[in-house]
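Me: Please give a close look at a single part of this structure. I would like to know how that part is built and what it packs against, and then how the rest of the chain is held together.

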Amino acid sequence: MSIVIPVFNEESNLDELDARLRDTLRTLETTSEILYVDDRSTDASRERIRSLLRRHADDPIRTRLIHLRRNFGQTAALAAGFEAAHGEVVVALDADLQNDPADIPRLVETLDSGYDVVSGWRRRRFDHWSRVVPSRVANALISAISGVRLHDHGCTLKAYRRELLQEIHLYGEMHRFIPVYLARQGARVVEVEVGHHPRKRGHSKYGSDRIFKVLLDLVLILFMSRYFTRPMHFFGQAALLFTACLGIVVSAMVVFKFGWLSLVGVDYQADFVQTPLPALAGSLLTGAVLSLFLGVLGEILIRIYFELQDLRPFVIAGIESSSEPP
């Protein structure tokens with residue numbers, strides 16, 4: 001098992017986190033490693049981790065430090081840890097001690113019962129309401145739009161099968177959408193309630209501006225998971241919408257042209273040229289044509305993407321045969 005911990009300015013929490021984490025891992029009947037990913041901390045976090053490496057040099061639980069060249073953000077830090085992980089099971093954990101390392105065995109046990117992703121649910125959160133309320137709204141939107149019904153998409157504490165993580169690439173703020181993406185690939189996702197504690201030391205790195213970024217990333221992940229291999233379907237639907245609106249506008253222009261408003265008791269005498277309808281019709285026609293061209297361009301690009309890298313638009317889970325090949 002590999003425990004991946006992104007770290008940014010958490011020097012005051014690292015000693016306690018490491019001690020509690022090792023106590024938990026020693027209770028498990030499996031080999032373990034801890035990967036600290038220092039996201040270019042400006043405090044003494046890196047030095048504190050190095051001291052942990054020296055202190056536990058002879059510990060069977062191997063400890064590694066990955067330090068990034070600059071501050072890339074939590075998603076990049078997790079991606080770096082996932083890439084370097086050796087364990088068959090990978091657990092992501094925050095370094096702020098608000099998640100409890102003692103919950104890891106329960107996540108792993110649930111994973112072993114037949115799931116591919118086990119996501120933590122902070123049912124009782126000890127954060128300020130200004131963080132909890134927007135988070136709940138965002139979680140509801142993500143669940144409704146993606147179809148992956150989780151109460152807490154933003155909880156970092158999750159357990160994954162490593163072979164699934166090797167199939168994805170993370171960008172932006174997309175670490176919270178890993179279950180959504182993997183579910184689209186056929187992974188079995190489940191949620192388990194985990195503990196949550198007030199932050200005792202350090203400062204939160206999250207602000208309200210992240211909500212807008214999360215929603216933008218949600219649009220991107222939905223496009224990548226649903227329409228990545230068939231962009232014409234996405235842009236074709238946009239073209240149909242533009243065309244339907246264009247039909248409504250053209251119908252209104254005809255009504256104005258022949259003065260048919262009087263038939264419904266509306267006394268309005270004006271030619272459609274005196275309205276914004278012609279400009280609106282032109283804009284809708286342009287949108288429909290551009291959407292079709294973007295769909296064609298997308299189809300060409302996606303074929304180049306797959307064929308140049310010899311990729312396949314599917315993932316094989318396994319192959320079984322009744323006999324050995326001749």
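Reply: Tyr305 lies in helix 10, which covers residues 277–308; helices (H or I, at least four residues) and strands (E, at least two) are DSSP runs numbered from the N terminus. The model is predicted, so local features need pLDDT of at least 70 and side-chain atom pairs count only at pLDDT 80 or more, whereas totals for chains, interfaces and linings use all residues. Residues are numbered from 1 along each chain as its sequence is written, and side-chain values use heavy atoms, with hydrogens and water left out.

With a relative accessible area of 36%, Tyr305 is partly exposed, a class between buried (under 20%) and exposed (over 50%), for a 1.4 Å probe and protein chains only. Apart from residues up to four places away in sequence, Tyr305 touches Phe228 and Leu311, contact being heavy atoms within 4.5 Å.

Helix 10 has 32 residues and reaches 46 Å from its first C-alpha to its last, close to the 46 Å expected at 1.5 Å a residue; the expected span is 1.5 Å times one less than the number of residues. Its buried residues are Leu277, Ala281, Leu284, Gly287, Ala288, Ser291, Gly295, Gly298, Glu299, Ile302 and Phe306. An α-helix has 3.6 residues a turn, so residues three or four places apart point the same way. The buried residues of helix 10 pack against helix 9.

Helix 9 spans residues 231–258. Its 28 residues reach 41 Å from the first C-alpha to the last, close to the expected 40 Å. Pro231, Phe235, Gly236, Ala239, Leu246, Val249, Met253 and Phe256 are the buried residues of helix 9.

There is also a nonpolar surface patch, formed by Leu294, Val296, Leu297, Ile300, Leu301, Ile304 and Leu308, with about 660 Å² of accessible area together. Patches are made of residues with over 30% relative accessible area and no salt bridge, joined within 9 Å for like charges and within 5 Å for nonpolar side chains (Val, Leu, Ile, Met, Phe, Trp, Tyr); areas come from the Shrake-Rupley method with a 1.4 Å probe, only the protein chains shown counting as cover for residues. Ile300, a member of this patch, is in helix 10 and is partly exposed at a relative accessible area of 45%. In soluble globular proteins, nonpolar side chains tend to be buried together. Just after helix 10, Asp310 takes a positive phi of about 55 degrees.

Two further residues have a positive phi. Arg40, with a phi of about 55 degrees, is in the loop between strand 2 (33–38) and helix 2 (45–55), and is partly exposed at 40% relative accessibility. Leu97, with a phi near 65 degrees, is in the loop between strand 4 (89–92) and helix 4 (104–112); its relative accessible area of 4% makes it buried. Most residues other than glycine have a negative phi.

Elsewhere in the chain, the largest nonpolar core has 31 residues, of which Met1, Ile3, Ile5, Tyr36 and Val91 touch the most other members. Strand 1 (2–7), helix 1, strand 2, helix 2, strand 4, helix 4 and strand 7 (189–194) each supply at least two residues of this core. A core is a set of buried Ala, Val, Leu, Ile, Met, Phe, Trp, Tyr and Cys residues joined through side-chain atoms within 4.5 Å. Apart from this core lies another, of 18 residues, among them Leu78, Ala85, Tyr160 and Ile168.

The whole structure holds 20 salt bridges, each a side-chain nitrogen of Lys or Arg within 4 Å of a carboxyl oxygen of Asp or Glu. In one of them, Arg46 pairs with Asp38, the closest N and O atoms being 3.0 Å apart; Arg46 is buried at 15% relative accessibility, and Asp38 is buried at 0%. Another joins Arg199 and Asp96 (3.6 Å, N to O). Arg199 lies in the loop between strand 7 and helix 8 (209–226) and Asp96 in the loop between strand 4 and helix 4, so the pair ties together parts 103 residues apart in sequence. Arg199 is partly exposed at 22%, whereas Asp96 is buried at 9%.
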